[in-house]
Amino acid sequence: MSFGKVAVLMGGKSAEREISLLSGNGVLAALQKKGVDAHGFDPAARDLFELKRQGFERCFIALHGRGGEDGSLQGALELLGIPYTGSGVLGSALAIDKLRSKLVWQASGVPTPAHEAIGAASDLPAVARRLGLPLVVKPVNEGSSIGITIVRQAADLEEAYALAVNYDRVVMAEKFIEGPEYTASILNDAALPLIRIEAPQGNYDYQNKYFTDDTKYICPCGLPAPKEAQLAALCLKAFSVLGCSGWGRIDLMLDAKGDPWLLEVNTSPGMTSHSLVPMAARADGISYEDLCVRVLESAHVG
Ligand SMILES: Nc1ncnc2c1ncn2[C@@H]1O[C@H](COP(=O)(O)OP(=O)(O)O)[C@@H](O)[C@H]1O
Ligand SMILES: [Mg+2]
């Protein structure tokens with residue numbers, strides 16, 4: 001398949017800029033190795049209209065977070081008429097908003113932990129009584145575990161809120177799920193093998209996501225095949241009810257009874273050589289380079 005001149009969009013202005021540069025440079029090298037006429041493009045440094053002026057025919061979006069994963073870039077590319085990878089405007093915008101994702105899931109029967117939006121005027125001890133402790137406080141529109149605190153006593157809620165609100169006007173408290181964590185990768189609207197994530201003390205924070213070697217990633221994940229198939233089907237449903245398409249990744253947990261609770265969808269997941277979607281693809285016999293090409297093949301407008 002000939003793709004023409006391809007821009008790998010990376011960098012950007014979000015808090016996840018550094019990770020995006022790692023993802024984008026990995027994708028760029030892989031596509032070039034596959035003979036694609038691919039070029040890096042940082043929207044923080046260059047005007048998007050240059051994509052058109054310089055004759056780019058497709059975009060691989062390797063941006064994470066705001067301005068790249070939230071529907072705004074997708075809308076701009078729609079208007080420019082340049083096909084791009086991943087979810088469209090609606091799916092991207094809904095998925096980056098963890099609160100509204102959960103509202104759609106609740107309405108569709110997709111299990112997601114109980115939550116409340118919290119603000120400066122909230123009665124935080126009352127929130128803790130309603131949801132129970134521990135609970136997780138997170139900014140609604142952030143990624144990479146940035147601004148997230150696991151709160152074990154009500155007295156710590158105020159500080160957790162103060163941290164999260166640095167990143168987003170909207171903050172939520174969510175019931176803490178005690179149990180193993182998994183992530184489901186989706187490629188061309190089908191699920192890849194689940195990965196089980198074992199972070200030290202169950203603390204899958206920014207440090208343990210990217211910088212330590214202490215987090216274990218287990219794939220195949222060890223669940224019985226029928227259970228894995230059931231979770232994969234649930235994740236595909238959760239992905240499609242949000243209007244997401246193409247590729248992405250869903251974070252979920254199992255509780256003590258083994259029941260699933262979905263946390264969030266990432267519509268432009270990490271694509272470093274150590275990232276999770278490449279790991280799941282590898283378990284399915286798909287190399288990193290082939291994964292990049294398959295994602296690029298699915299680029300679309302509208
Ligand atoms: N409700 C929860 N119960 C237990 N752990 C959670 C919960 N929410 C988040 N976490 C932990 O925090 C991590 C980051 O949360 P997530 O909602 O996936 O946001 P991010 O966009 O930062 O990845 C998760 O991978 C998980 O380890
Ligand atoms: Mg996550």
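Contact here means heavy atoms within 4.5 Å. This is a predicted model: local features need pLDDT of at least 70, side-chain atom pairs count only at pLDDT 80 or more, and totals for chains, interfaces and linings use all residues. Residues are numbered from 1 along each chain as its sequence is written, chains are lettered from A and ligands numbered from 1 in the order in which they are written, and side-chain values use heavy atoms, with hydrogens and water left out.

Start with Leu31. Setting aside neighbours within four places in sequence, Leu31 touches Val6, Val8, Val36, Ala38, Phe60, Cys292, Val293 and Leu296 by the contact criterion. Leu31 also belongs to the largest nonpolar core, which has 32 residues. Such a core is a set of buried Ala, Val, Leu, Ile, Met, Phe, Trp, Tyr and Cys residues joined through side-chain atoms within 4.5 Å. Buried means under 20% relative accessible area, exposed over 50%, and partly exposed in between (1.4 Å probe, protein chains only). Val8, Val27, Leu31, Phe60 and Leu291 have the most contacts inside this core. At least two of its residues come from each of strand E1 (5–9), helix H1 (17–33), strand E10 (195–198), helix H10 (276–283) and helix H11 (288–297). These elements are DSSP runs numbered from the N terminus: helices are H or I with at least four residues, strands E with at least two. H11 gives the most, six residues. Domain 1 (5–85) and domain 2 (94–111 + 177–297) each contribute at least three residues to this core; the bounds come from an automatic or database domain assignment. Another core lies apart from it, with 22 residues, including Cys221, Leu223, Leu231 and Phe239.

Now turn to ligand 1. It has 19 residues around it, and Lys98, Lys138, Ser145, Lys175 and Glu181 come nearest. A residue counts as near if one of its heavy atoms lies within 4 Å. Strands E5 (135–139), E7 (171–175), E12 (248–254) and E13 (260–266) each supply at least two residues of this shell. A polar side-chain atom of Glu174 sits 2.9 Å from a ligand nitrogen atom. For Lys175, a backbone N or O atom lies 2.8 Å from a nitrogen atom of the ligand. Glu181 places a polar side-chain atom 2.4 Å from a ligand oxygen atom. Taken alone, ligand 1 exposes 530 Å², and the protein buries 96% of that. These areas come from the Shrake-Rupley method with a 1.4 Å probe.

Finish at Glu142, in the loop between E5 and strand E6 (149–151). Glu142 counts as buried because its relative accessibility is 12%. Beyond neighbours within four places in sequence, Glu142 is in contact with Ala15, Glu16, Arg66, Lys98 and Tyr167. Glu142 and Ala15 are 127 residues apart along the chain, yet their C-alpha atoms are separated by 8.1 Å.

Terms used
Polar contact = N/O pair within 3.5 Å; in protein donor to acceptor, adjacent residues only side chain to side chain.
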